Structure formats: C-alpha cells, structure tokens
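Keep the viewer open as you read.

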Amino acid sequence: MPVTFAKSTLLLSLLLGIGGAHAASAPDASEAALASAHGIPHPAVIAHRGASFDAPESTAASYKLARDLGADYLEMDLQRSKDGVLFALHDNSLLRTTDVAQKFPERKDSPASAFTLAELKTLDAGSWFNQAYPDRARPAYVGLPILTLDEIIDIAQGNPQHKPGLYIETKEPKQFPGIERDLKNKLGERGWLKPVVSTADKGTLQTGEGKGRVMLQTFEKSSLELLQKEMPETPKILLLWVGEGGMAANSSVSFADSGAKDKAAYYARLQPRDKAEFMQWLDFAKANGAIGTGPSAALTAGGAQSYFDLIQPWMNQATHDKGMLVHVYTLDEPVDFKKAMDVGVDGIFTNRASELLKYYQRPATKSVNQLLEQNGY
Ligand code: G3P
Ligand code: CA
C-alpha cells in the first residue's frame, strides 16, 4: 500500500500543528506534524542500501525489492567516478562487494573513485553476497552491476503502485569536491527537486512525489553546509558519530587497548564527551538547515552495524525540543525497532524493510521471495 499524504491533511497539519501518523507505537503529535510539514512519512521506513538483507546492497535487486515492499525511501551512499558520474557504493574500496581483485588485480586497493564508470560497470557486485550469505543466495545475483544515481532514480520511478523517495548520503565528501553541486544538477535535471502532482490521483502525493521526496544526509559538517547552500529547500539530516570525524568521545582508549571482545562492544561503551558536546552538534545541525539528525544505535545482538547508543531518551528529547526529527541507523530486528520507537525516534534505517513494514503494521502484500521472483531474481 503506498503511503500517501492528503494535501488537505498536510495543510491542516501545518496550520494546526497536528499530524496524521501511522505508527505501531503512538508517536508524539508534534513530531508527526513536523514530519508531515516536510512531506516525510512518520515513522519513516528507510531502506538502507535497498533491501540489503535479502539482496546484494545497492544493486537493482536490492532497490527494486525495497521499492516493491513499500519502503518510504531508498537509501544510498553517493560517490563520483573518475570520469564524473555519480554512483552508489558504501565502501571507499571495491574489495568487499565486487570482484575487483580478479578484474583489476593491480588496482584492487584503489578507491572506487579512481575507476571510470565503464570500468566500474565491468565489476560483479552480486556474487560476494552469495558467498557471504549462502542461505539467501540466488543465481541471478551473480554479475549484478554497480548502479549510477540515474539508474536508481529510474528504479524509484519504476513502480506506478509505489514511488519511494531517495535518501542520499554524500559519502566521504571531502574526496569529492563539488559533489553537492553535481547532486543538485542531477536531481534538478531529473525533476526531483520539486514535488510532483500525481496524475493518477490528484488528491494525494506519494512519498516519492511530495516535498520530502529527497532527503539528504551526511556525517560531514562541511558537506551539510554545502548541501544547504545548493539545495536549501530539500530536507537534510546530519548523521551522528562518536570519535574521528564526529563528536568528541568520553574516552580516548583505542579498540586495541580496550579489551572489548569486538567493535560493537567497544562502540557500546563510548559516549559523547558530555551533554554540551551533543548539544553543540544539534545546534550546528539546526543552524545549517538540517531538519533532523541521524544517530547510531547499539544493537541488542551486536554485529557489524552496532555502534554508539545515541538514541537515549534525553538525546531524542533534546533533538525534538529543537524542532528536529530523529532517524536512527541501522536496525533490523523487532526488539530493536521496539526499543527505538519506545524512546521516540521518528524513522529507522533498516536493511530489512520487510520486517520494519510489518512492525509498523504496513506489511507488503507479497513476500520477499515473490517480489524477488517477480523482478527476475
Ligand atoms: O546513512 C545512514 C547510515 O547508512 C550510516 O551508516 O555507514 O551504513 O552509511 P553507513
Ligand atoms: Ca549511508
């Protein structure tokens, strides 16, 4: 079922300060209204690198599945190829998620940005998934290519029944001077910097058609400033991190010296240095046009995407008190969905859009398996 925003509800929300939310947990009306005013679903389902639990991250299989499940946003990490094309890849290097070591052995450790688009397109970005997750492997994942932003936009627009928005991170933006302007130019060229009035139903706007159809996100303060300069009307989130490049930490003990059993346990011990440090980041975000923050969370089961607990009640309250939203990354399990909703977050980045949609009582009408097969995987 597509998430729609009745124009009249949106207007009323803006005028009266009320919101039309559809959460399993009761959301705070003022945050629902704030989200609604920006055209952002509340709570939002942000498909992290697509439906990346079930298909290779940032590939067509992953993004089409997230779209067809009914996710509100397709999340991506934006980089720029050597010849200037915007594409989606999380890691700086191609080693983890492609066969670069076979195709370009001498350049295997080079950053992805050192490759032309034609070179990137020769890589197999799907087979690694089959090896890493044999229980979720599919023959059709073999050979899936890296995608350009243009191709992801095509996917977002490709299902008339549900048009998700785009949630775009400038990844390591200091590597890519001018990427904020490149992004603005591409989104403008594709007509994504203004709302679309649905021809099918003139009374409603889907997520990918309204004001919040694009969300911009970054860990880098300087990139937030540039995004705000280039796209002042587009909602932005400042991602939060503790340590290098982020908030000052309450400890300078390294992972190696910490005695922690793994990175997740190490991160879970770290906190912002003090409340003033956290508040300084909120103030910077607000002053530079962010409509919210993207804090990390410590996951119940740990794992590679378990970081610092930055969704403590006082943190969320402080963010809301400044009139900003909280979109937490990256949760996959109902136990963590519940913990996050109980402390008042306004949206969740997830690798398992199917599970989060169920949790929010917005289940897809078809199974993951059915949708993957429907899309030829
Ligand atoms: O963009 C939010 C979340 O994706 C941040 O973590 O490292 O997965 O990009 P990462
Ligand atoms: Ca990201």
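An oxygen atom of ligand 1 comes 3.2 Å from an N or O atom in the side chain of Asp-77, which makes this a polar contact (a pair of N or O atoms within 3.5 Å; within protein, one must be able to donate a hydrogen and the other to accept it, and residues adjacent in sequence count only if both atoms are side-chain atoms). His-48 also has a side-chain N or O atom 2.7 Å from a ligand oxygen, and a polar side-chain atom of His-90 lies 2.7 Å from an oxygen of ligand 1. On its own, ligand 1 has 290 Å² of accessible area, and the protein covers 95% of that (Shrake-Rupley method, 1.4 Å probe).

A word on the ground rules: this is a predicted model, where local features need pLDDT of at least 70 and side-chain atom pairs count only at pLDDT 80 or more, while totals for chains, interfaces and linings use all residues. Residues are numbered from 1 along each chain as its sequence is written, chains are lettered from A and ligands numbered from 1 in the order in which they are written, and side-chain values use heavy atoms, with hydrogens and water left out.

Back to the ligand. The residues surrounding ligand 1 include Arg-49, Glu-75, Lys-171 and Tyr-329; to count, a residue needs a heavy atom within 4 Å. The shell splits into 4 nonpolar, 3 polar and 5 charged residues, with Asp, Glu, Lys and Arg as charged, Ala, Val, Leu, Ile, Met, Phe, Trp, Tyr, Cys and Pro as nonpolar, and the others, Gly among them, as polar.

Arg-49 has a positive phi, near 60 degrees, despite not being glycine. Is Arg-49 buried or exposed? Arg-49 is buried, at a relative accessible area of 6% (buried is under 20%, exposed over 50%, partly exposed in between; 1.4 Å probe, protein chains only). As for Tyr-329, its peptide bond to Thr-330 is cis, with omega near -20 degrees.

Another cis bond joins His-42 and Pro-43, with omega about -5 degrees. Pro-43 lies in the loop between α2 and β2 (44–47); helices (H or I, at least four residues) and strands (E, at least two) are DSSP runs numbered from the N terminus.

Finally, find Glu-172, whose phi is also positive, near 40 degrees. Glu-172 is partly exposed, with a relative accessible area of 42%.
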